[in-house]
Amino acid sequence: MNHRARKYKLRENEGVPKSIKKTTSRHAMHRNLEFRIVSQRIFPARAQYYFTSKWSAMGTVHFIALSLFFVSAYAAVCPKIITRKEWDARDPETITYVVFPLDMVVIHHTASPTCETRSQCTELVQNIQNFHLDNAELGDIGYSFLIGGDGNIYEGRGWHKHGAHTFGYNGKSVGIAFIGDFRSVLPTDKAMQAAKDLLACGVELGEITNDYKLYGGKQLIATLSPGGKLYSRIRNWSHFQEKSP
């Protein structure tokens, strides 16, 4: 099955978060090294560097050292996340960035079959994206991240991007969806732990605040999500809010 959406194009500097700043150090050890770094809070492992045409051995060494530092820092605090490329996501029709860190996390379920293997979960995530693009016309998969019964985290829209999961809160929250229907059963233990690890990762990266507030989707909009059984469990998680905002 190969459903490919229309590719989008962004004009230069269009849709760039406010956190991105261009930096040119006049006092750098190597004068020809000019770079622009995406704020460490956005994604340390994906810091972007743009060098001038003049390149040197010293510049190369600095670049490699900084890259290794950022990758190591990310690996130390974050669980494995199955990227969009790895689950063969379609291109989004639109991308809208949000100002972060965000202070709200919303837990959902997908109300779909569950999955126990990576191949099963990958197929379900692809199907969810197809539905969100072709039927719901959301411009992309609606959730920020999805958690599979296999214990893997699947990148949806990802960090610091406007979601489409909780009307009225999409621009100020991270939406995490457990794959399955959890009205009468709980997700697997490894799925629950993966979600907690993802939240800890978000705090460490500065994507969500230390004092973020956690809600079930049903507290914010007219829905049964994340399902009664799962909702009862997340009420015991730290940061959960009994009162709706």
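Start by selecting His165: leaving aside neighbours within four places in sequence, His165 is in contact (heavy atoms within 4.5 Å) with Val106, His108, Gly142, Tyr143, Ser144, Asn170, Ser173, Val174, Gly175 and Ile221. You'll find His165 in the loop between strand E6 (153–155) and E7; helices (H or I, at least four residues) and strands (E, at least two) are DSSP runs, numbered from the N terminus. Buried or exposed? His165 is buried, with a relative accessible area of 9%; buried means under 20% relative accessible area, exposed over 50% and partly exposed in between, using a 1.4 Å probe and protein chains only.

A word on what you're looking at: this is a predicted model, where local features need pLDDT of at least 70 and side-chain atom pairs count only at pLDDT 80 or more, while totals for chains, interfaces and linings use all residues. Residues are numbered from 1 along each chain as its sequence is written, and side-chain values use heavy atoms, with hydrogens and water left out.

**Zoom out.** Colour by secondary structure and you'll get 4 helices and 8 strands, running β-β-α-β-β-α-β-β-β-α-β-α from the N terminus on. Of the 245 residues in the protein, 46% are buried. Among contacts between residues at least 6 apart in sequence, 69% join residues at least 24 apart.

**Select E7 (174–178).** 5 of the 5 residues here are buried, so E7 is largely enclosed by the rest of the structure. In a regular strand the side chains alternate between the two faces of the sheet. Here Val174, Ile176 and Phe178 point one way, with Gly175 and Ala177 pointing the other.

Now bring in the strands that pair with E7 (pairing takes at least two DSSP bridges between two strands). E4 pairs with E7 in the parallel sense over 5 bridges, and His109 stands opposite Phe178. E5 also runs parallel to E7, joined to it by 3 bridges; here the bridge partner of Ile147 is Phe178.

**Stay on Phe178.** Beyond its neighbours within four places in sequence, Phe178 is in contact with residues including Ile107, Thr110, Pro187, Ala191, Met192, Ala195, Leu230 and Trp237.

**Show the nonpolar core.** Such a core is a set of buried Ala, Val, Leu, Ile, Met, Phe, Trp, Tyr and Cys residues joined through side-chain atoms within 4.5 Å. The largest one has 31 residues, of which Val105, Ile147 and Phe178 touch the most other members. Strands E4 (102–109), E5 (145–147), E7 and E8 (208–216), plus helices H3 (189–205) and H4 (228–234), each supply at least two residues. H3 gives the largest share, 9 residues. A second, separate core of 14 residues includes Cys121, Val125, Tyr154 and Ile179.

**Finish with the cysteines.** How many disulfides does the structure hold? There are 2, counting pairs of cysteine sulfur atoms within 2.5 Å.

- Cys78–Cys201: the sulfur atoms are 2.0 Å apart, and both residues are buried. The S-S torsion is about 80 degrees, so this disulfide is right-handed. Cys78 lies in the loop between helix H1 (57–77) and strand E3 (81–82), and Cys201 in helix H3, so the pair ties together parts 123 residues apart in sequence.
- Cys115–Cys121: the sulfur atoms are 2.0 Å apart. With a torsion of about 95 degrees, this disulfide is right-handed. Cys115 is buried at 2% relative accessible area, and Cys121 is buried at 0%.

Numbered in sequence order, the bonded cysteines pair 1-4, 2-3.
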